[in-house]
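Please look over the structure below before reading the comments. They are set out as numbered points.

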Amino acid sequence: MQSLKIFLALIFIQISVACSKSNDSSLVQLHLQSKTECELVFKAENFSVIENFCSTEGKPILIRVDNQEIRSDWIDERTSRFLFQEGCASSDECFYELSTNEAGVRGRFSYRINMTEGEYSFEVGASGQPKVLSESSKDSAS
Amino acid sequence: MMSNIESTLFCSPTGSNTVRGIDSFGQGRFAAPRGARLHSGVDFNVKAGDDVYSPIFGKVVRVAIPYKSDERFRGLVIEGIGRYVGYSVKLFYLDPLKEIVGRTVKQGELIGTAQDLAIKYPGITNHIHFEISFKGAQIDPSRFLEKEELCKV
């Protein structure tokens, strides 16, 4: 009887672990790769985030994950515009970290632009509706 | 024609080559520690309201904003012309002259007045933050400073 209990407990543990495993893909870091007159482009293998500051048609952010595309409204327009105007100290200092799941994309954006540094975490649903989950920003003296 | 980087000299934006020493917010030299990062420019001491001058011959291309959430502070970006082609200068903590953006300025020409940093950082040595990049790479302005007396327009 005791061994049956142990056997059942082991099966239960295995099922619990399997169920608790997230469907999230691993985190991918996308660094600022280029800036044109209208766009900021962040890229990593099979991933890209393109923010468009000129077009008024459609949503300004395009997230590409493998062959899937999500068009999103601004996640944090003020930070994006500040970055677009002022640039980053280096491309390593402005980056997205993304993971995907069935519901869409989760991630964070980290930045240092002039004397301001900060980050925010967010999720974007498959329909392109963004939500900022947390945000922090700090001004430093020169 | 572009000159050699080693022979191109810059004027201090304050008219004085005195660099900010140590205060409770940091040190004014290039690459001084700033928490997890390094200082990306050189800070030149100045009193609030004093004149600020262009370090190079160039075109003022835009106003710069040091802080995302504090628009009291301003700066300017100047792109080099002539022997300064390829250089870009960024200055922080000055009130730019009216209608300076878009103008071509001589080295040493008045471009604005110094702001008061103490309203944000009480006790800080008031200064102008001065960054130079050459073809996108940042360089230490203090290595290439012109003599003060040669910077008067």
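The points that follow concern a predicted model, taken chain by chain and then at the interface.

1. Make-up of chain A. The chain has two helices and nine strands, and from the N terminus the elements run α-β-β-β-β-β-α-β-β-β-β. Of its 142 residues, 25% are buried. Among the contacts in chain A with a separation of 6 or more, residues 24 or more positions apart account for 39%.

2. The sheet of chain A. Nine strands form an open sheet in the order β5-β4-β3-β2-β1-β6-β7-β8-β9 (chain A), and the pairing is antiparallel. At its edges are β5 (68–72) and β9 of chain A, each of which pairs on one side only. On average, neighbouring strands of this sheet are turned by 20 degrees against each other, direction ignored. The helix α2(A) packs on the sheet and touches β2 (39–44), β3 (47–52), β6 and β7 of chain A. The direction of α2(A) makes about 45 degrees with that of β7(A).

3. The pairing of β1 and β6 in chain A. Strand β1 (residues 28–35) and strand β6 (residues 94–101) of chain A run antiparallel and are joined by four bridges. Within this pair, A:Val28 has A:Leu98 in β6(A) as its bridge partner.

4. Two residues with positive phi. Most residues other than glycine have a negative phi. A:Asn114 has a phi near 55 degrees, a positive value in a residue other than glycine. A:Asn114 is placed in the loop between β7 and β8 (116–125) of chain A. In chain B, the phi of B:Glu99 is near 60 degrees, again positive in a residue other than glycine. The loop that holds B:Glu99 lies between β10 (94–96) and β11 (104–105) of chain B. Are these residues buried or exposed? A:Asn114 counts as buried because it has 25 C-beta neighbours inside 10 Å, while B:Glu99 counts as exposed because it has 8.

5. Three strands make an open sheet in the order β6-β12-β10 (chain B), with antiparallel pairing. Because β6 and β10 of chain B each have a single partner strand, they stand at the edges, and one side of each is left without a neighbour in the sheet. Neighbouring strands here are turned by 40 degrees against each other on average, direction ignored. The antiparallel pairing of β10(B) with β12(B) extends over three bridges. B:Asp95 stands opposite B:Thr113 in β12(B).

6. The nonpolar cores. The largest nonpolar core has 32 residues, and the members that touch the most others are B:Val52, B:Ile56, B:Leu76, B:Leu91, B:Tyr93, B:Leu94 and B:Ile128. At least two residues of this core come from each of β5 (42–45), β6 (51–53), β7 (58–64), β8 (75–80), β9 (87–92), β12 (110–114) and β13 (127–134) of chain B. The most, four residues, are given by β9(B). Not counting residues up to four places away in sequence, B:Tyr93 touches B:Phe73, B:Gly75, B:Ala114, B:Gln115, B:Leu117, B:His127, B:Ile128 and B:His129. Another core, of 21 residues, lies apart from the largest one and includes A:Leu30, A:Ile75, A:Ile113 and A:Val124.

7. B:Ser12. This residue sits in the segment before β1 (22–23) of chain B. Why does B:Ser12 count as buried? There are 25 C-beta neighbours inside 10 Å of B:Ser12, and therefore the residue counts as buried. Leaving aside neighbours within four places in sequence, the contacts of B:Ser12 are B:Asn17, B:Phe44, B:Pro55, B:Leu145, B:Glu148 and B:Cys151. From B:Ser12 to B:Lys59, the separation is 47 residues in sequence and 17 Å in space, C-alpha to C-alpha.

8. The interface. How many residues of each chain are in contact with the other? In chain A there are 15, and they are in contact with 18 residues of chain B. The elements that give two or more residues to the side of chain A that touches chain B are α2 (77–86), β7 (104–113) and β9 (130–139) of chain A. The largest share of that side, four residues, comes from α2(A). By class, that side of chain A has five nonpolar, six polar and four charged residues.

Conventions. Residues numbered from 1 in each chain as written. Chains lettered and ligands numbered in written order. Predicted model: local features only at pLDDT ≥ 70, side-chain atom pairs only at ≥ 80, totals over all residues. Contact = placed C-beta atoms within 7 Å. Nonpolar A, V, L, I, M, F, W, Y, C, P; charged D, E, K, R; others polar. Pairing = 2+ DSSP bridges. Axes fitted to C-alpha atoms, helices over the stretch in contact; angles between N-to-C directions. Buried ≥ 20, exposed ≤ 12 C-beta atoms within 10 Å, placed from the backbone. Core = buried A, V, L, I, M, F, W, Y, C linked by C-beta atoms within 7 Å.
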